[in-house]
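Have the structure open while you read.

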Amino acid sequence: MHRHLPPISISAIAAALLLCPLFLTSCSKEVEVVPENQPPDHHGVPTVATQNYVNRLFIDLLGREPLDAEMDLEVAALESADLSQAAREALVTKLMTSTAWLEDDSSYTNKYHIRQIELYRARCLEGVSDAYIDDAIGIAQQNALADSLAGNTGGSPDLQRLLALRAARIQYRDGLIGVDEVMRRMVFNPIYDQINMNSFNYVNATFDNLLFRYPTQAEFDAGYTMVDSNTPALLFGQSGQNKGDYSGIITSNTEFWEGMVRWCYRTFMGREPSSYETYGVLPGLLADHDLQRVQRAILVTDEYANL
C-alpha cells in the first residue's frame, strides 16, 4: 500500500533542500586576526607570573626586591627553560651561594646569610639588631674589665656568648658552623636570658622556639635540673648538667631538625608541612644537616611559585 505525501509537504521538503547550502555557507567561520595579540608564553604561564616568582624569591632569600636588570635577566633565563625545575633550582642556588660581586659591595650569599640570621633572631630574640648586640657587648666588656680590676680572673661568660652570637653570621656563611650551632647561640646568650627570665621560662621558651611545642613534665624536669641546678640529667637520650649542655642537647636531637623543616614551611609557604613532606626531607637532613637543600626543595615547587 503506497502513501502519497500531500503537495504542501513536497513543497516544504524542496524548500529545505534549497536552503541547506545557504545555511552551511552562513555557518562557516572566518579567521579574525587581532594585531599584537600574542598567546600566553611558556605553556600558558604569563610573564607576570614568572616576574612574581622571581620577586618573591629575592624578598624571601635576600630581604629585598630584585633590581630591574636582575629581574630581566632571571625572567629571561627561566622562560628560556620553560620554567623547568632545573632552571628554578639554579636560580635558588645562585641566590644562596653566589659570591659574585654586587654593586652594593656585597654578594648574594652574604645577603642570604644576613637574611637567615635576621629570621633566626626574629624567631628567638625578638628581632634584635646588630647595633643592639654591639651595645650589649660593650656593656659586657666594661663589666669584664671591672671584674678584672677587682681581681676576678674567671673571665666573662656573658661576653663570650655575645661575641659568639655576633660572629654567627660570618661563621655560618663561611661554613665554619652549621645551623644547629647558630640556633644554639640564639638561645645561649644574655639577651635570650633577659627575654625569658628565670629557668622556668627559659626551658619552656627553648622548647617552644625550637620544637614548636612545650615540654612534657619529664622533659621539663630534666631541662630545669640542668639549667637551674647544674645537676646531671638525661634529656632526649643525652646527658647534661648545665645550661651550656642543655642548649647543645635541645639543638641536636631529631625533633630539632623536624622543627627546622616546619620552620621552613611556615616561613616560605605560610603553612605546616604534611607528614609526607616532612618525612620526604627529614632523613636527608638528619644525615647531612643541609638546610639549604630543604629550602630549595620548597622554593622550586609550583605551589610556592604560584604557577
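## Around Asp130

Setting aside neighbours within four places in sequence, Asp130 is in contact with Arg121 and Arg166, where contact means heavy atoms within 4.5 Å. Asp130 sits in helix α7 (residues 130-149); helices here are DSSP runs of H or I with at least four residues, strands are runs of E with at least two, and both are numbered from the N terminus.

Is Asp130 buried, partly exposed or exposed? With a relative accessible area of 30%, Asp130 is partly exposed (buried is under 20%, exposed over 50%, partly exposed in between, with a 1.4 Å probe and protein chains only). Glu118 is 12 residues away along the chain, and its C-alpha atom is 9.6 Å from that of Asp130.

## What kind of model this is

This is a predicted model, in which local features need pLDDT of at least 70 and side-chain atom pairs count only at pLDDT 80 or more, while totals for chains, interfaces and linings use all residues. Residues are numbered from 1 along each chain as its sequence is written, and side-chain values use heavy atoms, with hydrogens and water left out.

The mean pLDDT (the predictor's confidence in each residue, from 0 to 100) is 89, and 85% of the residues reach 70 or more. Over residues 1-29, though, the pLDDT is below 50, and beyond near neighbours in sequence this stretch has 2 contacts in the model.

## The whole chain

The protein has 17 helices and 2 strands. Of its 307 residues, 40% count as buried. Among contacts with a separation of 6 or more, 59% are between residues 24 or more positions apart.

## α8 against α9

The axes of helix α8 (residues 157-173) and helix α9 (residues 179-186) come within 9 Å and cross at roughly 160°. Axes are lines fitted to C-alpha atoms, for helices over the stretch in contact, and angles run from 0 to 180 degrees between N-to-C directions. That crossing makes α8 roughly antiparallel to α9 (the term covers angles over 145 degrees).

On the α8 side, the contact is made by Ala164, Leu165, Ala167, Ala168, Gln171 and Tyr172, and on the α9 side by Val179, Val182, Arg185 and Met186.

## Two loop residues with positive phi

Asp105 isn't a glycine, yet has a positive phi of about 60°. Asp105 lies in the loop between α5 (85-97) and α6 (108-124), and is exposed at 65% relative accessible area.

Asn230, also not a glycine, has a positive phi of about 50°. Its loop runs between α12 (217-229) and β1 (233-235), and Asn230 counts as exposed at 52% relative accessibility.

Definitions and conventions
Angles under 35 degrees count as roughly parallel, over 145 as roughly antiparallel, 65 to 115 as roughly perpendicular and the rest as oblique.
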